[in-house]
Every structure is written in structure tokens, then in C-alpha cells.
Amino acid sequence: MVDKKKIVTMAKLAVYDKKYSYKDDKVTEYFRHDYVYKQNSWDRFFVVLGGLIILLFLYGQRVFSDRPDALKFDFNGELRFIIIFFAVLLIFYTFIGSIK
């Protein structure tokens, strides 16, 4: 048998959802943005950490290289590469993390 109280409650909820749910959507949207911002912050942190690990492996390879000039550091070319590498990584992962 159908409970009359449940039907009345469901009808009231349907009316509320139709008329006033947009106000609730505006309020909950702020929480969604906060969550996305926090997740993007963690993503950026771990991307930088992963990038540093990759660069450590690349430059660690130089230590065990047989070439005598392998440990020389070219500040113009290599520093530019590192900055562009991290910028591209951060922009890419920020863009992916911001997609809803």
C-alpha cells in the first residue's frame, strides 16, 4: 500500500526542486570551485615533484657518463629548457585539472 505521507513529501520536494533549486545550485557551486582549486594545488605540487625526479634522473645520468665534459652545466640552454619544461607541465596539468 502507498504511504500518503511519502507522496505528500515527494510532491513538496518536487515543487521545491522546480522553484528554488537554482539557489542551492549557486551555493554548492562555491564548494565545487574550492574542491577543484585544492585538487589543482595538489596536482601542481606532484607535477613539480615528478618533474624534479625526472630532471634528477637526467642529470644523474651525466654523473655516470664516460664523457669528461658531461658535468659542465650550460646555464643558457639547459636553464631555459628546465623553465620551459616546468611551465608546460604546470599549464598542461592545470588545464586538465580545471575541466569539469
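Phe 95 is found in helix H2; helices are DSSP runs of H or I with at least four residues, strands are runs of E with at least two, and both are numbered from the N terminus. This is a predicted model, in which local features need pLDDT of at least 70, side-chain atom pairs count only at pLDDT 80 or more, and totals for chains, interfaces and linings use all residues. Residues are numbered from 1 along each chain as its sequence is written, and side-chain values use heavy atoms, with hydrogens and water left out.

Back to Phe 95. With a relative accessible area of 58%, Phe 95 is exposed. The cut-offs are under 20% for buried, over 50% for exposed and partly exposed in between, with a 1.4 Å probe and protein chains only. Between the C-alpha atoms of Phe 95 and Asn 40 there are 9.1 Å, although the two are 55 residues apart along the chain.

Now the chain as a whole. Of its 100 residues, 11% are buried. Take the contacts (heavy atoms within 4.5 Å) between residues at least 6 apart in sequence: 66% of them join residues at least 24 apart. The accessible surface is about 9,200 Å², and carbon and sulfur atoms account for 69% of that. Accessible areas come from the Shrake-Rupley method with a 1.4 Å probe, and for residues only the protein chains shown count as cover.

Next, the rings. The whole structure has 4 aromatic pairs. Rings of Phe, Tyr and Trp (its six-membered ring) pair if their centres lie within 6.5 Å; planes under 30 degrees apart are stacked, over 60 edge-to-face, and the rest tilted. Phe 81 and Phe 85 are stacked, because their ring centres are 5.9 Å apart and their planes are at 25°. These two sit 4 residues apart in helix H2 (residues 75-98), so about one helical turn separates them. Phe 85 also pairs with Phe 86, edge-to-face, at 5.5 Å centre to centre and 70° between the planes. Phe 81, Phe 85 and Phe 86 make one aromatic cluster. Within it, Phe 81 is partly exposed at 44%, whereas Phe 86 is buried at 16%.

Last, helix H1 (residues 4-63), where Phe 45 lies. Phe 45 counts as partly exposed because its relative accessibility is 45%.
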